[in-house]
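Dear colleague,

Please find below the structure that I am handing over to you, with its sequence. My notes on the charged side chains follow it.

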Amino acid sequence: MRGATRTLPAAAVAALLVLSGCAGGGGGEDEATDNTLRIIYQKAGDASPLDDLMQAAKEQFETANEGVTVELEPVEGTDEDYNTRLALSQRSPDTAPDVFYEDTFRLRSDVDAGYLLNLDEHLAGWDEWDSFNEAAKEAGKADDGSTYAVPLGTDTRVIWYNKQVLQDAGIEVPWQPETWDDLLEMARTVKEAQPESRPFSMYAGTGTGEGTVMQSFYELLYGTESGGLYDEESAKWIAGSQGFVDSLAFLKTLYDEELAVTPAEALDANVWQVVLGTMLPENQMAATVEGSYAPSFWQEGGMLEWPEYAEVMGVAPFPTQEGQEPGAVSMSGGWTLAVGAGTDDPELAFEFLTTAMNQENLQKYTIDNSQIAVRTDIAEAPEYLEANPFVEEVSAVLDVTNYRPATSNYAEISTAIQEATEAVITGGATPEEAAATYDETLKSIVGEENVVEE
């Protein structure tokens, strides 16, 4: 779950877009000239590493390019708020940004829509491109094999646990669950020792958006014998999955036995702030599943500053259902910077992107945001290795990590999964019923010919 400070209603987002559409890739007649670059990105609270990065890049770029103005347009809100604002801006050449922050799971659909500039020729002339990890570069590629975005960083998902809460319940640390039953045993043990606690947080419902699938449902699904959502060999989506039902059933158990937050709390888009900012620091929760970037909120200057986090918290990989190979599971995603296809000056826009992504700027951002480095020179830097006390643990699960299917219709499918989890935790459907509804929705989205039944 990436940070968010407030949720903007769609009407407010649209109003903001109208008020702020003062420049654009295409440039209106009375708007900004070709000497103005518009940069749209997400800002999470007052302490925002991405905002710091953009502010630094703006100052450096304007100093190096006299007469050029960089207009920064940070969007405060959830990932969904940001994606809505970005999508609205891209509908018109008068409001389309020159450079923007792009979630990897939206990249292929936005390429298909014609919003992103093909960067192949520009990257061929950038000598620092060779410093980026080859696997990380794949995040910015589309179906045609070309690169349309440059990765800012990547991440993994792990269990973050409060060592004090576990020890108080008689559980030894370091703690490493081997199966889903081990997770439930821990949660029930903590609940018995501390009845008012919320032992184990896993997101569910549409409120937490992509956090529900990345930090919760996929951790379960990809650790079943059924596997994931999409069969790469046949290039078809999977329906009728027992693993899908089992994953929903696990979430139902957590919520029915009051081992997680309440369903009402789960549906709040900002529940992650309560989990990371209150429940864990105040010893009200034993563990949560969250991204490798969690320390960025707790470290000095973070939006949920917690000086003792490094001593209190521990990390464990999320186990597979029965402990079967490979033994653990993780999900990885990440964000990129892209250039708008309609920018008036592609060279100038790409130059801003490379300014933001040079080693010095990207290293500071990677450290401040607790990201896993995508540049090899940063990954080897002592400053990076020393900054995050958990960097080795959260990087180790890259060996067992998975990636979302990067298809143009993925966003609709993700929403259908979020709705299935919501139906289960609120009592609106059994796991079997919710899975069946998902299967039907899946077929309506991708077509029955693109679905394989297990």
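The count of salt bridges comes to 18. Please bear in mind that this is a predicted model, and that a pair is counted when a side-chain nitrogen of Lys or Arg lies within 4 Å of a carboxyl oxygen of Asp or Glu. In general, side chains of opposite charge can pair when their charged atoms come close.

Two of the pairs lie within single helices. In helix H2, which spans residues 49-64, lysine 58 and glutamate 62 are four residues apart, about one turn of the helix. Their side chains meet in a salt bridge, with 2.8 Å from N to O. Glutamate 62 has a relative accessible area of 25% and is therefore partly exposed.

Helix H10, residues 242-256, holds both lysine 252 and aspartate 256, again four residues apart, or about one turn of the helix. The salt bridge between these two side chains is given as 2.8 Å, N to O. Lysine 252 counts as partly exposed because its relative accessibility is 27%, and aspartate 256 is likewise partly exposed, with a relative accessible area of 46%.

Another salt bridge joins arginine 404 to aspartate 103, and the closest N and O atoms of this pair are 3.6 Å apart. This pair links distant parts of the chain, as the two residues are 301 residues apart. Arginine 404 is in the loop between strand S14 (401-403) and helix H20 (410-425), whereas aspartate 103 belongs to strand S3 (residues 99-103).

Is this pair buried or exposed? A residue is called buried when its relative accessible area is under 20%. Arginine 404 has a relative accessibility of 10%, so it counts as buried. Aspartate 103, at 5% relative accessibility, therefore counts as buried also.

Salt bridges also link Arg38, Glu73 and Arg85 in a network.

Which residues form the negative surface patch? The patch is made up of Asp112, Asp120, Glu121, Asp144, Glu347 and Glu351. Helix H5 (120-124) and helix H15 (346-356) are the elements that give two or more residues to this negative patch. Glutamate 121, one of the patch residues, is located in helix H5. With a relative accessible area of 73%, glutamate 121 is classed as exposed, because exposed means over 50%.

With kind regards

Note on methods:
Residues numbered from 1 in each chain as written. Predicted model: local features only at pLDDT ≥ 70, side-chain atom pairs only at ≥ 80, totals over all residues. Heavy atoms only, no water. Patch = residues over 30% accessible without salt bridge, like charges linked within 9 Å, V, L, I, M, F, W, Y side chains within 5 Å. Areas by Shrake-Rupley, 256 points an atom, 1.4 Å probe, with all protein chains shown as cover. Lys, Arg positive; Asp, Glu negative; His and termini not counted. Charge placed at Lys NZ, Arg CZ, Asp CG, Glu CD. Buried < 20%, exposed > 50% of the residue type's maximum accessible area, 1.4 Å probe, protein only.
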